[in-house]
Amino acid sequence: MQKQISNLDKLTLSNDFLFKHVMLRKRICKHILEELLHTEIADITYLEAEKTIDVYPDSHGIRLDVKIADAANTHYNLEMQVKNPVNRATGKFLLPKRTRYYQAMLDTDMLQKGQDYDELSPTYIIFFCLFDFFQDSQRIYTFKKRCLENMNIELADEAVIMFLNTLGIKGDVSPDIQSLFDYINSNTINSNFTREVADTIVEIKNDKKVRDAYMTYEMRMKDLRDEAHAEGKAEGLAEGKAEEKTATAKRLLSMGLSVEDIAKATSLSVEQVEKIKAEQI
């Protein structure tokens with residue numbers, strides 16, 4: 001238990017758990033959105049705010065979404081992305097399709113609440129990335145749908161995706177956004193805004209409810225890691241047994257046993273043994 005509390009004390013803003021709790025501070029979150037979008041926002045409200053705080057032990061994963069709506073009913077989803085995840089099987093990066101999934105979730109949630117598709121609110125999906133996914137050194141990459149035949153034609157679906165590259169050196173951002181990037185990268189406080197963020201983090205870490213939530217979060221994360229390890233071990237054992245059966249079938253085939261007898265001896269199907277035999281020819 002003491003170790004888990006100590007881990008919380010060491011967290012920085014790049015940690016997903018802490019990032020979500022900082023974004024729950026309305027003044028900070030609202031200021032970030034205003035600085036990013038170069039507009040004034042009258043007010044923001046948190047959509048399903050309990051999902052940003054509670055840990056659901058029965059869920060497959062842990063949802064800590066920051067979903068926000070402003071006074072003009074524009075919806076926002078903010079995420080911290082420390083690593084650039086890759087599908088091990090295909091070698092493809094997961095982030096682009098993750099944005100597609102998040103967009104679908106935002107739209108589905110609005111439709112389930114009774115809106116028609118033509119009433120869907122404008123949306124912004126915003127990723128804070130500690131890496132340059134597109135490798136062009138831009139501080140911000142903003143995506144909207146455009147016609148390939150004429151890039152001046154925009155599909156006005158009001159869905160925007162923004163990747164914030166905290167390591168970027170190209171493109172203009174406000175001083176407070178740049179100071180936030182510096183703070184995320186190196187914990188450097190170089191503005192009144194990042195001083196406010198740092199003070200807020202101290203306050204959050206001293207909040208008993210947050211400390212209790214983090215302990216639950218850590219235990220759930222450990223359970224998920226243990227489950228993944230157990231599943232991987234089981235899959236490895238199953239693969240090992242399958243390879244052993246195949247090797248046995250090959251030896252018995254070389255000894256001239258019938259396909260039917262080999263199937264009985266190895267618990268493989270006749271079709272499987274016939275396939276192994278065909279591959280040896």
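Reply: Asp157 counts as partly exposed, since its relative accessibility is 32% in this predicted model, and its side chain meets that of Lys145 in a salt bridge with an N to O distance of 2.8 Å. Both residues belong to the loop between strand 5 (140–143) and strand 6 (159–165), so the pair ties together parts that are twelve residues apart in sequence. Lys145, for its part, has a relative accessibility of 43% and is likewise placed in the partly exposed class, which lies between the limits of 20% and 50%.

A further salt bridge joins the side chains of Arg146 and Glu154, here with an N to O distance of 3.6 Å, a value that can be set against the cut-off of 4 Å used for such contacts. Arg146 is partly exposed, with a relative accessible area of 39%, and Glu154 is partly exposed as well, its relative accessible area being 37%.

The pair formed by Asp16 and Lys20 has another setting, and its side chains meet in a salt bridge at 3.0 Å, again taken from N to O. These two residues are four apart in helix 2 (residues 16–23), which means that about one helical turn separates them. As for accessibility, Asp16 counts as partly exposed at 24%, whereas Lys20, at 1%, counts as buried, because the buried class takes in residues under 20% relative accessible area.

The pairs described here are among the twelve salt bridges that the structure holds. Disulfides, by contrast, number zero. A disulfide is a covalent bond between the sulfur atoms of two cysteines, and the count used here requires a pair of cysteine sulfur atoms within 2.5 Å. Turning to the cysteines whose accessibility can be given, Cys29 is buried, with a relative accessible area of 0%, while Cys147 is partly exposed, with a relative accessible area of 24%.

Conventions: Residues numbered from 1 in each chain as written. Predicted model: local features only at pLDDT ≥ 70, side-chain atom pairs only at ≥ 80, totals over all residues. Heavy atoms only, no water. Buried < 20%, exposed > 50% of the residue type's maximum accessible area, 1.4 Å probe, protein only.
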